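Subject: Structure handover

Hello,

Here is the structure I promised you. Please open it first, then read the notes below with the model on your screen.

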Amino acid sequence: MRRILVTSALPNANGAIHLGHMLEHIQTDIWVRFQRMMGNQCIYVCADDTHGTATMLAAEREGVTPEALIERLRAEHAEDFRRFHVSHDNYYSTHSPENEHYNREIYTRLAERGYTYTADVEQLYDPVRKLFLADRYLKGNCPRCGADDQYGDNCQECGATYDATELVEPRSMLSDAEPELRNSTHYFVDLPQFADFLKEWTATEAVQSEVANKLAEWLTGGLKAWDISRDAPYFGFRIPGTEDKYFYVWMDAPVGYMASFQNLCDRTEGLEFDDFWRPGTQAEVHHFIGKDIINFHCLFWPAVLSGSDFRTPTKVHVHGMLTVDGKQMSKSRGTFINAGTYLEHLDPEYLRYYLATKFGGNTDDMDFGLDDFVQRVNADLVGKVVNIASRCAGFIGKNFGGRLAGDIRDTELWDAVSGAGDELAELYESGDTGRAVRRITALADLGNRYIAEHEPWKHLRDPDRRDEVHGVCSLGINVFRALAVYLKPILPAMAEKAEGFLRVEQLAWHDAATPLLDHEIDRFKPLFTRIDKKALDKVIEATRAEAAEASAAQESHTVGIDDFQKVDLRVAKVLAANFVDGADKLLALDLDVGDHQRRVFAGIRSAYDPAKLVGRLVVVVANLEPRTMRFGVSEGMVLAAGPGGRDIFLLAPDAGAEPGMQVT
């Protein structure tokens, strides 16, 4: 029995799970389920990638703590994966004590052995927001072609790449301020020291040949030291021995694999962390990733593992990117589909099956053809595989008491189907499920052709051919059972329904080689229905609507005078003011607005003592649409001004104003 630990790349805690995420997790899950069917111990862990400035800013926009934001998203992500039958043994978070422990341990070991150093780095700094700016938060004029409104690392007009410090007339996307060039001390892993080790490791079967070729280009060109630090403020783990330096997210993200597994070990009797992560162990570690992050997983990750006395991955399985109808996924075209939107209209196993037809065990990009998706599911899965069971089960139930024949009528067909197990197992092991599915549907064709040639429906009333009809239909059921075994890693829910229909225990891989003889089956119930193209159209329409709504929310902040005149500003009296649990920027204000009272959450906690607000008059937007927040419903907005922090100033009505009076 093999002992295998498997991971998928960690989704970012910055949005919903979409088809791109599902591609990788479905691919991984198929491989994991196959290993389990083979009798191997196969443990599948993952986590949300939570750290970084983006998380900090997103939490600030929502008025919640980063911890509250990432836990909400983690729960949503885990539920989306569960509904797609992705069988994680643990879905955790990189913001965890286990991850902080292993990050510190790895860093300390690297530092003690001379694999790290510090150096001063020039960076652009936002003087208003008081933080160093990542490339994504900078825009300016391209230093090559002069095009304006370009990001801090590349130009969309001429394709040039450059350092953010080269931008002409740069500005911060967070405050629109002109950034300042400042020095900061950063921490580096001296990756060039691992060059010889990496040349040897990347030449093994740990990576696919096409990946090894790409890595060889980088190794030949010379490795650069890896910056593993970021300056405060930053949501992440502080580097030991510092006060304002934090581990860069790509330092702690892959360590999240170890942390998620450690968390599982702590809750699972007999499961030991060192059995999988110590050097020289016979257990295996497999990572599934996209080709856009091979440098992190196939250079940096094995280097820091080897330099800190942990084992390196057995294999990194790299896949290509997903396109839809030959183009990049697009929100405006309705093809950047979220998992939740898909699930509102379509069965998750349709997607699992279709993506399985695309996996080739290589780094080629995969195209999701919308029309092809409908045709393949309906023609192959429903029209071929399920069709065998639906055609034969009725005859067995109505004419033979639901009991299969005691022998195999046609050994040639049965040998072809039952003998395909080894070939299909090799394809699953290599990740080439596309060829596996084609082979399985070819076997389904053989079964359907056999039934059509023998026409059991024509001979039911001929007593001399009754045994022949029984044998033909029983063989059909056994062919279907073998196909259900072969497809179980891809279609676990269908396999479970088939197990119930066949009245058998959970199907294992070896079951495909042994027929059910003189065995009673249950009444057949439909395992799948055909995809209605209208349901797919609804997914596309819903995705477009989501994109339009998001785009409208991000449009220019300018408004016309007619829109401004719709704003109803009223005087309100603060009746009560309280801190909000779980929010470090908000106060809950109970307001008297003249003819009624309402509650408003205001982001003024850093500047005001709530006890001193009681009895004060403020100005409130009285006709703002209520906003549902995690803490309750905010029924308006209190007006304030200032740059932030302690410098927030509530607008005060004129002397003599009363609650409910309109402000003009």
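**Cavities**

Helix H1 (residues 19-37) gives the most to the lining of the second largest cavity, with three residues. One caution before going on: this is a predicted model.

The lining of that second largest cavity consists of Gln27, Ile30, Trp31, Phe288, Phe359, Tyr428, Gly431 and Thr433. Five of these lining residues are nonpolar, three are polar and none is charged. The space inside the second largest cavity is about 40 Å³.

How many cavities of 30 Å³ or more does a search of the whole structure find? It finds three. The largest cavity has a volume of about 80 Å³. Its lining is made by Gln27, Gln208, Phe288, Lys315, His317, Val318, His319, Gly361, Ser430 and Gly431. Strand S14 (residues 315-319) gives the most here, with four residues. The lining of the largest cavity divides into two nonpolar residues, seven polar and one charged.

**The whole chain**

Now zoom out. The protein chain has 20 helices and 26 strands. Its C-alpha trace spans about 105 × 70 × 55 Å along the principal axes. Of the 664 residues in the chain, 53% are buried.

**A pocket**

Next, look at the second largest pocket. About 1300 Å³ of space lies in it. The pocket is lined by 36 residues. Which of them lie nearest its centre? They are Glu60, Lys585, Gly603, Ile604 and Ile648. Several elements give two or more residues to this lining: helix H2 (53-62), strand S20 (597-602), strand S22 (627-629), strand S24 (637-638) and strand S25 (640-644). By type, the lining of the second largest pocket has 19 nonpolar residues, eight polar and nine charged.

**A five-stranded sheet**

Two of those pocket strands turn up again here. S20 and S24 belong to an open sheet of five strands, in the order S20-S19-S18-S21-S24. The pairing is antiparallel. S20 and S24 stand at the edges, each with a single partner strand, so one side of each has no neighbour in the sheet.

Within this sheet, strand S18 (residues 569-579) pairs with strand S19 (residues 587-592) in the antiparallel sense. Six bridges join S18 and S19. As background, strands of a sheet pair through backbone hydrogen bonds.

**Strand S4 and its partners**

Ten bridges join S4 to strand S9 (residues 180-189), and the two run antiparallel. Asp120 has Thr185 as its bridge partner in S9.

S4 also pairs with strand S5 (residues 131-132), in the antiparallel sense over two bridges. Here Asp126 has Leu131 as its bridge partner in S5. S4 and S5 form a hairpin with four residues between the strands. In that hairpin, Lys130 takes a positive phi near 60 degrees.

**Aromatic rings**

The structure holds 29 aromatic pairs. One of them joins Tyr125 and Phe132, edge-to-face. Their centres are 5.1 Å apart, with 70 degrees between the planes. Are Tyr125 and Phe132 buried or exposed? Both Tyr125 and Phe132 are buried.

Another pair is formed by Phe368 and Phe373, and it is tilted. The distance is 5.0 Å centre to centre, and the angle between the planes is 40 degrees. Phe368 counts as buried because its relative accessibility is 3%, and the cut-off is under 20%. Phe373 is buried too, with a relative accessible area of 0%.

There is also an aromatic cluster. It is formed by Tyr102, Tyr257, Phe261, Phe273, Phe276, Trp277, Trp301 and Phe310.

**Charges over rings**

Two last contacts to look up. The charged end of Arg230 sits over the ring of Tyr248, 3.8 Å from the ring's centre. Lys331 lies over the face of Phe336, 5.5 Å from the ring centre.

Best wishes

Methods: Residues are numbered from 1 along each chain as its sequence is written. This is a predicted model: local features need pLDDT of at least 70, side-chain atom pairs count only at pLDDT 80 or more; totals for chains, interfaces and linings use all residues. Side-chain values use heavy atoms; hydrogens and water are left out. On a 1 Å grid over the protein atoms alone, a cavity is a set of points where a 1.4 Å probe fits but cannot get out, and a pocket is an open set with protein on both sides within 12 Å along at least five of seven lines; lining residues have an atom within 4 Å of a point. Grid points are joined across faces, edges and corners, and a volume is the space filled by probe spheres set on the points. Ala, Val, Leu, Ile, Met, Phe, Trp, Tyr, Cys and Pro count as nonpolar, Asp, Glu, Lys and Arg as charged, and the others, Gly among them, as polar. Two strands pair if DSSP finds at least two bridges between them. Rings of Phe, Tyr and Trp (its six-membered ring) pair if their centres lie within 6.5 Å; planes under 30 degrees apart count as stacked, over 60 as edge-to-face and the rest as tilted. Buried means under 20% relative accessible area, exposed over 50%, partly exposed in between (1.4 Å probe, protein chains only). A charge sits over a ring if NZ of Lys or CZ of Arg is within 6 Å of the ring centre and within 35 degrees of the ring normal.
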